[in-house]
Amino acid sequence: MPACHSNVTTQRAAHLPPLLPRYTPSHPASPTARHSIVAYCLVAWLLLAAWPAVSAGENAPDQRFSRQTVIDLARQLSQSPFRPLPRAPEALTSLDYSAYRQINYQQDEAVWGQSPTRFSVQLFAPGFLYDKLVNIDLVENGRARPLTVSRDSFRVPDPALAELLAEVGKYAGMRLHYPLNKADYDDEFLVFQGASFFRGVSRGQLYGLSARGLAIDVAEPHGEEHPVFRRFWIERPAADQDAMVVHALLDSERVTGAYRFGIYPGQPLRMDVEVTLFPRVYLPHVGLAPLTSMFMHGPAAPGDRPDYRPAVHDSEGLAIKRANGERLWRPLSNPHTLQASAFLDHNPAGFGLIQRNRDFNAYQDLEASYHRRPSAWVEPLGDWGPGQVQLVEIPSDSEANDNMVAYWRPADGLPAGEPYRYAYRLTWPDDAPLEHGLAPVVRSAGGDKLFSEQREVMIDWANSVDCANLSVDAGISEGRIIDTTLQTHPGIAGCRAFIAFDPGAAQAAELRVMLLREDGRPAGETWLYRWLNDG
């Protein structure tokens, strides 16, 4: 029997959740992208008078602060109906990307930028797609105070826009800086912007996939609910500290939450996350520690359109470490219909979306540099109980959209009115951590077997694997396995397996392939894949 169970979900495009826009780091102003900012701002002055105010509790002066402060606020918030975040005036939300990217936080205004603290914080202005206004507080000496916006906070193409941002008085998110790659330069290494999304990079990496605070009803026919971080608290680290703490208050139609992020930049970036959720109602489908990425095509799932690039993706596979120690590798695909796969477990040891291949030649993209995109690995802390790692693959025709989602789904959902606590460690490595002596899957591909009408997949396991005393065990949920072949692959110091199979009349079939030692113990990751008849 297979160690995981996968459910095939097929839906038409009309029922797909919206693809998520991808964060792009700030860039210098584009001299060719000029818009009539003054005209926008004149309209905004009229709108500000009618703009809804936030409660005094969200914009209070200096007050005592602790982790319990956020938990108490989340509990109180859960006892009243959800109130949407205030939205930026139309003068800001109507800006296109070219105009919005001309608004940049003044580096000499960076929080703690002129202090001995090794960290600094820069802020994002509201506008373009980032229309929700969030509160950001600084915590120093156990007291929190709101971070205000002045006319000098942002470098803008027009003074009227600076006046408008000061009137709005709030931000759309923040980015954290630290001397990550060079001792004399503060690199941007972590971004919180948009709903509950955040992105991180380790030393030498470029932004790629995202994490988020919570996922609700992903790929459900009635649509997904998107929780938001409505308020942040940033604790000032001491001058000699190489770590910092950020707190966040999550809110949504059906749940609130208190988050504590212990942040440790380096190689890799590590985030220790503690969460207390307060569901307003019963939540049957909730995703803990969700990850969101992009996959267009690769060797195991070629694209429908010609492309000079062999692969286009921020993540190439889902890696799972089960509670019993088994390691799973599931290559991603960009299907023609939405696919949801469930990998059952009890208290999983870890899972993540992984960009394993770090060779430029595998991508051939000088601009996107996909070989430098980070992976993300979730390690649950404490007992997460029964549930499943869920993978959702959404059809997409644009690499500008994130169309892959992975998360842990508790078996019984979250009960209403009861606090739900959990913790996990999130790292942003180049690859998932793998036990010594266990070979990783470094490449897989599929097609028709030569001189035959049979279908075939090829799998490569690398790193000093002696194939002479190994065997392949292959299974399929529909149809039958016809033949297996195992060869030594000197180029990767590993093994290559060929699996020929016949799916019969099935429209979908689950393949499971193991590389085994003579005593039956695994010599490498278990390879899983969903074959689809997309023809």
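1. The disulfide. In this predicted model, the count of disulfides comes to one. The bond joins Cys467 to Cys495, with an S to S distance of 1.7 Å. Such a pair qualifies because the two sulfur atoms lie within 2.5 Å. The angle about the S-S bond is -120°, and the link of Cys467 and Cys495 is left-handed. The pair connects distant parts of the chain, 28 residues apart: Cys467 belongs to the loop between strand 30 (455–461) and strand 31 (471–476), while Cys495 belongs to strand 33 (residues 494–502).

2. Is Cys467 buried or exposed? Cys467 is buried, since its relative accessible area is 10% and the limit for that class is under 20%. Cys495 is likewise classed as buried, at 0% relative accessibility.

3. Helix 5. This helix spans residues 159–168, and its buried residues are Ala160, Leu161, Ala162, Leu164, Leu165 and Val168. As a general point, an α-helix has 3.6 residues a turn, so residues three or four places apart point the same way. At the start of helix 5, a side-chain oxygen of Asp158 comes to within 2.9 Å of the backbone nitrogen of Ala160. After helix 5 comes Gly169, with a positive phi near 75°.

4. The second largest pocket. The space in this pocket amounts to about 880 Å³. Which residues lie nearest its centre? They are Ala301, Pro302, Asp304, Asn334 and Asp534, out of a lining of 38 residues. By class, the lining residues of this pocket comprise 16 nonpolar, eleven polar and eleven charged. Strand 18 (295–297), strand 29 (441–448), strand 30 and strand 35 (526–532) each contribute at least two residues to this lining. Strand 35 gives the most, with five residues.

5. Strand 22. Two residues of this strand may be read together. Gln339 is found in strand 22 and is buried, at 1% relative accessibility. Its side chain makes a polar contact with the side chain of Thr337 (3.1 Å), and the side chain of Gln339 also makes a polar contact with that of Arg530 (2.9 Å). Leu344 is found in strand 22 too, which covers residues 339–346, but Leu344 is partly exposed, with a relative accessible area of 39%. Leu344 and Arg409 are 65 residues apart in sequence, and their C-alpha atoms are 9.5 Å apart in space.

6. Backbone geometry worth checking. Most residues other than glycine have a negative phi, and most peptide bonds are trans. Where does the model hold a cis peptide bond? One joins Gln267 and Pro268, with omega about 0°. Pro268 is placed in the loop between strand 15 (255–264) and strand 16 (269–279).

7. Asp217 is not a glycine, yet its phi is positive, about 60°. Asp217 is located in the loop between strand 12 (214–216) and strand 13 (228–235), and it is buried, at 5% relative accessibility. Ala219 lies in the loop between strand 12 and strand 13 as well. Phi of Ala219 is also positive, near 65°, and Ala219 is buried, with a relative accessible area of 9%.

Notes: Residues are numbered from 1 along each chain as its sequence is written. This is a predicted model: local features need pLDDT of at least 70, side-chain atom pairs count only at pLDDT 80 or more; totals for chains, interfaces and linings use all residues. Side-chain values use heavy atoms; hydrogens and water are left out. Helices (H or I, at least four residues) and strands (E, at least two) are DSSP runs, numbered from the N terminus. Buried means under 20% relative accessible area, exposed over 50%, partly exposed in between (1.4 Å probe, protein chains only). A polar contact is a pair of N or O atoms within 3.5 Å; within protein, one must be able to donate a hydrogen and the other to accept it, and residues adjacent in sequence count only if both atoms are side-chain atoms. On a 1 Å grid over the protein atoms alone, a cavity is a set of points where a 1.4 Å probe fits but cannot get out, and a pocket is an open set with protein on both sides within 12 Å along at least five of seven lines; lining residues have an atom within 4 Å of a point. Grid points are joined across faces, edges and corners, and a volume is the space filled by probe spheres set on the points. Ala, Val, Leu, Ile, Met, Phe, Trp, Tyr, Cys and Pro count as nonpolar, Asp, Glu, Lys and Arg as charged, and the others, Gly among them, as polar.
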